[in-house]
Amino acid sequence: MKTRTETVLKILTVLAWVVMIGYMIQAGTQLVTFGISFFNPEAAKNINGSSVEVYALYQQSTVYYVYVMSFVIALSAMHAYVWHHVIRLLSKLNLQNPFSHEVAKILEQTGIIMLGVWIVGVIGGETIGWVS
């Protein structure tokens with residue numbers, strides 16, 4: 001019989017999968033729309049997940065548009081990768097020995113990736129502020 005904690009961990013794993021798939025869809029949609037926008041500039045109006053008015057930026061400067069969209073897409077992809085590590089962590093977690101060497105390694109990798117997300121987010125945010 002499963003304990004309540006095991007059931008909660010399974011539910012968290014399913015939720016982590018949903019979030020990871022959501023970020024993967026967001027990154028894929030942004031990437032495809034970004035590519036299409038070079039053939040049809042009106043597509044830049046429909047890029048989701050970005051807090052910047054990228055269509056105006058596209059009209060102003062294609063170079064800045066590519067630069068900003070690179071950060072936006074990279075952040076979405078990096079978020080999906082973080083959630084992939086959370087899924088790995090939840091699947092390797094053993095309640096009898098929760099802090100095994102393998103779990104510690106996954107936690108360390110996840111922390112490093114999250115630091116990268118923060119760095120890319122700060123640089124991207126400053127870039128967007130400078131370009132706007």
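Tutor: This protein has four helices and zero strands, where helices are DSSP runs of H or I with at least four residues, strands are E runs of at least two, and numbering starts at the N terminus. The model is predicted, so local features need pLDDT of at least 70 and side-chain atom pairs pLDDT 80 or more, while totals for chains, interfaces and linings use all residues. Residues are numbered from 1 along each chain as its sequence is written, and side-chain values use heavy atoms, without hydrogens or water.

The largest nonpolar core has 14 residues. Such a core is a set of buried Ala, Val, Leu, Ile, Met, Phe, Trp, Tyr and Cys residues joined through side-chain atoms within 4.5 Å; buried means under 20% relative accessible area (1.4 Å probe, protein chains only). Tyr65, Val68 and Met69 have the most contacts inside this core. At least two core residues come from each of α2 (54-60), α3 (62-92) and α4 (101-131). The largest share, five residues, belongs to α3.

Take Tyr65. Leaving out residues up to four places away in sequence, Tyr65 touches Phe34, Ser37, Phe38, Ala44, Ile47, Val54, Leu57 and Tyr58; contact means heavy atoms within 4.5 Å. Another core, of six residues, lies apart from the largest one. Leu9, Ala80, Ile87 and Leu90 are among its members.

Finally, the whole fold. Of the 132 residues, 34% count as buried. The C-alpha trace spans about 60 × 25 × 20 Å along its principal axes.

Technical notes: Buried < 20%, exposed > 50% of the residue type's maximum accessible area, 1.4 Å probe, protein only.
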